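Colleague: I would like to learn how to read a structure like this one. Please take me through a few features in turn.

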Amino acid sequence: APTLIPLLGDQLSPAISSMRDADPDETIILMMEVDEEATYVRHHRKKIAFLFSAMRHHAVALCQAGWRVDYVRLDDPENSGSFTGEVARAIERHAPARIVATEPGEWRVRHAMELWRDKFDVPVELREDDRFLASHAEFDAWADERKQLRMEFFYREMRRKSTLLLDETGRPEGGQWNFDKQNRKPAQHDLLMPRPLSFAPDQITSEVIALVADRFADHPGTVDGFDFAVTATDADRQQRHFLKHALPGFGDYQDAMLTDEPFLWHSILSPYINCGLLDPLELCRLAEAEYRAGRAPLNAVEGFIRQIIGWREFVRGIYWREGPDYTSRNFLDATRPLPGFYWTGQTDMHCLAQAIGETLANAYAHHIQRLMVTGNFALLIGADPAEVQRWYLEVYADAYEWVEAPNTLGMSQFGDGGLLGSKPYASSGAYIDRMSDYCGHCRYDVKQRVGPDACPFNSLYWDFLARNQRKLGSNQRLAMAYRNWDRMDEPVQRSLRGQAKAFLDALERDRYE
Ligand code: FAD
Ligand code: DLZ
Ligand code: SF4
């Protein structure tokens with residue numbers, strides 16, 4: 001009897017652990033498009049189209065390589081709608097001797113898969129997902145030894161383990177582990193700015209787009225202009241394109257934002273890395289080679305590698321270590337619903353209109369838009385972190401809970417009380433003004449704090465600090481901000497809080513109109 005290998009939509013890697021020792025003649029690979037995965041949150045339509053198309057292309061590639069793939073399409077009339085239901089049907093079809101799977105990227109699915117052992121009369125083996133530099137055990141061993149977890153120190157371990165950007169003596173290339181001080185430059189509009197490649201939909205993708213437009217009409221975002229890579233070959237083209245054209249400027253402009261420029265010097269590779277079309281470590285080695293060949297500066301290459309072997313690995317470690325209740329944490333007791341414009345982009349705050357509009361169009365926004373525009377705003381208004389977290393999980397093509405939840409609930413909303421960052425990423429309009437050209441296009445004045453034209457971020461920032469003083473007042477990294485607040489005359493404090501209250505009341509009213 002054959003081995004049944006259920007292969008999930010984010011397991012499209014040639015070296016996935018479930019298939020490692022499998023014999024193509026004795027194996028059935030089961031791939032399933034299921035309603036439950038597409039609707040447990042209302043994923044952006046481009047995200048679903050991307051994943052289904054990548055899954056269908058991967059199935060074709062596996063068949064060409066000699067594997068037997070049992071592929072269940074969403075519109076199959078027998079489709080039960082869930083992984084568990086589809087595995088049950090596949091057991092009837094194939095009478096397998098055993099099931100081997102790679103652990104999923106989410107507690108929800110992990111629990112469902114663990115129940116297979118009781119549910120089915122077939123032995124189930126769940127293997128660790130080893131597409132990461134640090135195993136669960138390694139991360140936990142590192143974390144157990146520390147009172148406070150800081151990415152920077154974990155990152156150095158990962159540099160040592162991978163040997164990326166070390167010199168012959170094992171010290172960090174350039175004498176420092178981190179060159180971020182050089183990396184905070186605003187960008188200018190430039191006709192020669194790099195642009196990601198655009199991949200025209202083929203027959204398979206066009207069919208999927210039609211399916212998604214039909215079945216998920218009530219989900220956010222559009223499928224118009226779909227141009228993602230959906231094969232490993234095309235994802236590799238985008239990878240090489242990035243390394244050649246954008247990596248050299250990646251460091252300098254990492255935090256920059258520009259009107260109508262959604263991509264800047266970013267790689268736009270996260271959807272491909274996270275679903276398995278690209279190998280993160282190989283990408284880091286290719287980036288290192290650009291530095292060694294003198295084609296990209298160290299600050300850019302170090303910064304880029306740090307995002308992948310530092311942040312990406314670190315957030316994954318936190319997600320699994322903290323357990324399934326992580327997504328319900330709410331350190332600041334924030335309860336406000338997200339404003340409706342998160343689903344339309346229609347607001348006069350130009351920075352938000354840009355970040356949200358681009359998100360709905362592309363299922364993509366770059367890091368600083370996510371953190372300092374949409375995330376910062378949600379934090380300042382006291383939005384419910386669970387709702388904020390669901391929004392990010394829905395709208396980004398790269399969003400899977402293991403990476404999205406620590407970034408959103410932890411780093412951006414401080415819902416975990418500071419496991420990811422040592423202080424909340426809260427800021428007034430001044431930060432956005434420094435790092436972008438948004439304010440020049442906005443109906444609000446970023447320099448004003450009160451009055452009808454004042455940038456809402458300004459009063460909201462002070463209101464956030466004042467509102468949360470009991471919980472945040474002892475945070476060393478906010479000491480200066482609280483000192484500034486405490487030094488303000490009371491009438492000034494009152495007018496700032498009054499301005500914020502009027503804005504928040506208006507947000508509330510909009511919900512009922
Ligand atoms: P680049 O800027 O080119 O960076 C290169 C790569 O580094 C990315 O492809 C990604 O693999 C990795 N990376 C960078 N920053 C992070 C980070 N903080 N955590 C993990 N990996 C990182 N990233 C996701 O992959 N999925 C998510 O669901 C996700 N949600 C986020 C939510 C919030 C609130 C914030 C602030 C960040 C989130 N990130 C998420 C991290 C980051 O914003 C994206 O990885 C990045 O914008 C993807 O675009 P890119 O490929 O062009 O990245
Ligand atoms: C995100 C997603 C979606 C939208 N649809 C499917 C699907 O139909 N079939 C599938 O195998 N995977 C899908 N995924 C990815 C899964 O949600 C992901 O594998 C789990 O969240 C575990 O990380
Ligand atoms: Fe955003 Fe304020 Fe600048 Fe307008 S003025 S773009 S609301 S930061």
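Modeller: Start with burial: a residue is buried if 20 or more other C-beta atoms lie within 10 Å of its own, exposed if 12 or fewer, and partly exposed in between, with C-beta atoms placed from the backbone. Ile268 has 24 C-beta neighbours inside 10 Å, so it counts as buried. This is a predicted model, in which local features need pLDDT of at least 70 and side-chain atom pairs count only at pLDDT 80 or more, while totals for chains, interfaces and linings use all residues. Residues are numbered from 1 along each chain as its sequence is written, and chains are lettered from A and ligands numbered from 1 in the order in which they are written.

Colleague: Where does Ile268 lie?

Modeller: Elements come first: helices (H or I, at least four residues) and strands (E, at least two) are DSSP runs, numbered from the N terminus. Ile268 is in the loop between α9 (247–250) and α10. Its phi is near 55°, a positive value in a residue other than glycine. Leu165, in the loop between α6 (151–162) and α7 (203–215), has a phi near 50°, also positive in a residue other than glycine. Leu165 counts as buried because it has 21 C-beta neighbours inside 10 Å.

Colleague: Is Trp67 buried, exposed or partly exposed?

Modeller: Trp67 is partly exposed, because 18 other C-beta atoms lie within 10 Å. This residue sits in the loop between α2 (45–64) and β3 (68–72). For contacts, the rule is that the C-beta atoms of two residues, placed from the backbone, lie within 7 Å. Leaving aside neighbours within four places in sequence, Trp67 is in contact with Pro24, Thr27, Ile29 and Leu62. The C-alpha atoms of Trp67 and Asp23 are separated by 8.7 Å, although the two are 44 residues apart along the chain.

Colleague: Which domains make up the protein chain?

Modeller: Domain bounds come from an automatic or database domain assignment. Here they give domain 1 (3–127), domain 2 (136–198 + 230–321) and domain 3 (340–511). The centres of domain 1 and domain 3, taken over C-alpha atoms, are separated by 39 Å. Their contact takes 10 residues from domain 1 and nine residues from domain 3.

Colleague: Which residues come nearest to ligand 1?

Modeller: A residue is near a molecule or strand if its C-beta atom, placed from the backbone, lies within 6 Å of it. Of the 28 residues around ligand 1, the nearest are His266, Ser267, Gln307, Ala399 and Glu404. The elements giving two or more residues to this shell are α10 (270–275), α12 (298–322), α14 (367–381) and α16 (401–412). Domain 2 and domain 3 both give residues to the shell, so ligand 1 lies between them.

Colleague: How do the residues of that shell around ligand 1 divide?

Modeller: Ala, Val, Leu, Ile, Met, Phe, Trp, Tyr, Cys and Pro count as nonpolar, Asp, Glu, Lys and Arg as charged, and the others, Gly among them, as polar. The shell around ligand 1 has 13 nonpolar, 11 polar and four charged residues. The shell around ligand 3 has 11 nonpolar, two polar and one charged.

Colleague: Which element gives the most to the shell around ligand 3?

Modeller: That is α17, with three residues. Of the 14 residues around ligand 3, Cys351, Gly429, Cys439, Cys442 and Cys455 come nearest.
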